[in-house]
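Good morning, and thank you for coming.

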Amino acid sequence: MKQFQTIYEEKTFQATVSEWKSQCASGPAFIHIFSDGADESEITAACAIIDEIMPDAAYIGSSASGCIYEGKVSTEKLVISCTLFEKQDSFVTTQLFSLDDGDSSSFRTSLRECLSGLQGLKAIEVITTIDTIPIRDVCQIIQEEVPENIPVWGGGAFGDNSFKGFLFKKGVPFCYAGVLM
């Protein structure tokens, strides 16, 4: 596995993604996009470049109250990382569960259905909109539904006075109350 990280700069991002693509082995690519107050147009532009150059790459994104770049808290507004898997049988699948209605029981049902359809699951990353969902209920459901032998890690999508917390994934618009896995 290889991992790369960059800050979004309109003039250089296309070349950066092209370099990532040239580093791809035979496995999939998984990209994280973290925004600490970036304009939605910047996020959309970054996603369009990824879609154009690496159309098979899976990506997810969220708001952040501070981004980490090169191991340090950064003042950059848009930080993007790319993980390249080297084994052909590696896979990444993403799921965004909207909880706009605040109903965690529907999340349980959807999570159970999603997990039952996955073979070879090794780990789960979870990012949630902390302020807009019943977070303790969601964490309890994850604890009850995910098999004990599957590592789970993640964090929260935060906003502040100038923007709301959000999540998104490839092909799905911003979600302001949900769980991304």
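**Strands, helices and rings**

Strand E2 and strand E3, which covers residues 58-63, pair in the parallel sense over 6 bridges. Please keep in mind throughout that this is a predicted model. Within this pairing, serine 35 stands opposite serine 63 in E3.

How many of the 7 residues of E2 are buried? The count is 6, so E2 is largely enclosed by the rest of the structure.

At the E1 end, 6 bridges join E1 to E6 in an antiparallel arrangement. As a general point for reading any sheet, the side chains of a regular strand alternate between the two faces.

I turn next to helix H1. Its residues Phe13, Thr16, Val17 and Trp20 are buried. Seen down the axis of H1, the buried residues fall within an arc of 95 degrees, so they line one face of the helix. What do these buried residues pack against? Their partners are strand E1 (2-7), E2, helix H2 (40-53) and strand E6 (78-84). The face of H1 turned away from the buried side carries the exposed residues Ala15 and Ser22.

Proline 28 lies in the loop between helix H1 (13-23) and strand E2 (29-35). Is proline 28 buried or partly exposed? With a relative accessible area of 22%, proline 28 counts as partly exposed, because buried means under 20%. Leaving aside residues up to four places away in sequence, proline 28 touches Thr83, Leu84, Phe85, Lys87, Ser90 and Phe91. Proline 28 and threonine 12, by comparison, are 16 residues apart in sequence and 23 Å apart in space, taken from C-alpha to C-alpha.

There is also a sheet of 4 strands. It is open, its order is E7-E12-E8-E9, and its pairing is mixed. The edges are strand E7 (96-98) and strand E9 (152-157), each pairing on one side only. Neighbouring strands of this sheet are turned by 15 degrees against each other on average, direction ignored. E7 and strand E12, residues 178-180, run antiparallel and are joined by 3 bridges. In that pairing, serine 98 has glycine 178 in E12 as its bridge partner. Helix H3, residues 104-116, packs on this sheet and touches E7, strand E8 (124-129) and E12; the direction of H3 makes about 160 degrees with that of E7.

We come to the aromatic rings. A pair of such rings is described by the distance of the centres and the angle of the planes. In this model, the count comes to 7 aromatic pairs. Phenylalanine 168 and phenylalanine 174 form a stacked pair, 5.4 Å centre to centre with 25 degrees between the planes. Both of these phenylalanines are buried. Phenylalanine 174 also pairs with tyrosine 176: the ring centres are 6.4 Å apart and the planes stand at 70 degrees, so this pair is edge-to-face. Tyrosine 176 is partly exposed, with a relative accessible area of 32%. Phe166, Phe168, Phe174 and Tyr176 form one aromatic cluster.

Finally, the cysteines. How many disulfides does a search of the whole structure find? It finds 0. For cysteine 82, the nearest cysteine sulfur is that of cysteine 24, 6.3 Å away; that is no disulfide, because the two sulfur atoms would have to lie within 2.5 Å. Cysteine 82 is buried, with a relative accessible area of 0%. Cysteine 175 is likewise in no disulfide, and the nearest cysteine sulfur, that of cysteine 47, is 15 Å away. Cysteine 175 is buried as well, with a relative accessible area of 8%.

Thank you for your attention.

Technical notes
Residues numbered from 1 in each chain as written. Predicted model: local features only at pLDDT ≥ 70, side-chain atom pairs only at ≥ 80, totals over all residues. Heavy atoms only, no water. Buried < 20%, exposed > 50% of the residue type's maximum accessible area, 1.4 Å probe, protein only. Helix = DSSP H or I, 4+ residues; strand = E, 2+ residues; numbered from the N terminus. Contact = heavy atoms within 4.5 Å. Arc of directions from axis to C-beta. Pairing = 2+ DSSP bridges. Phe/Tyr/Trp six-rings, centres within 6.5 Å; stacked < 30°, edge-to-face > 60°. Axes fitted to C-alpha atoms, helices over the stretch in contact; angles between N-to-C directions.
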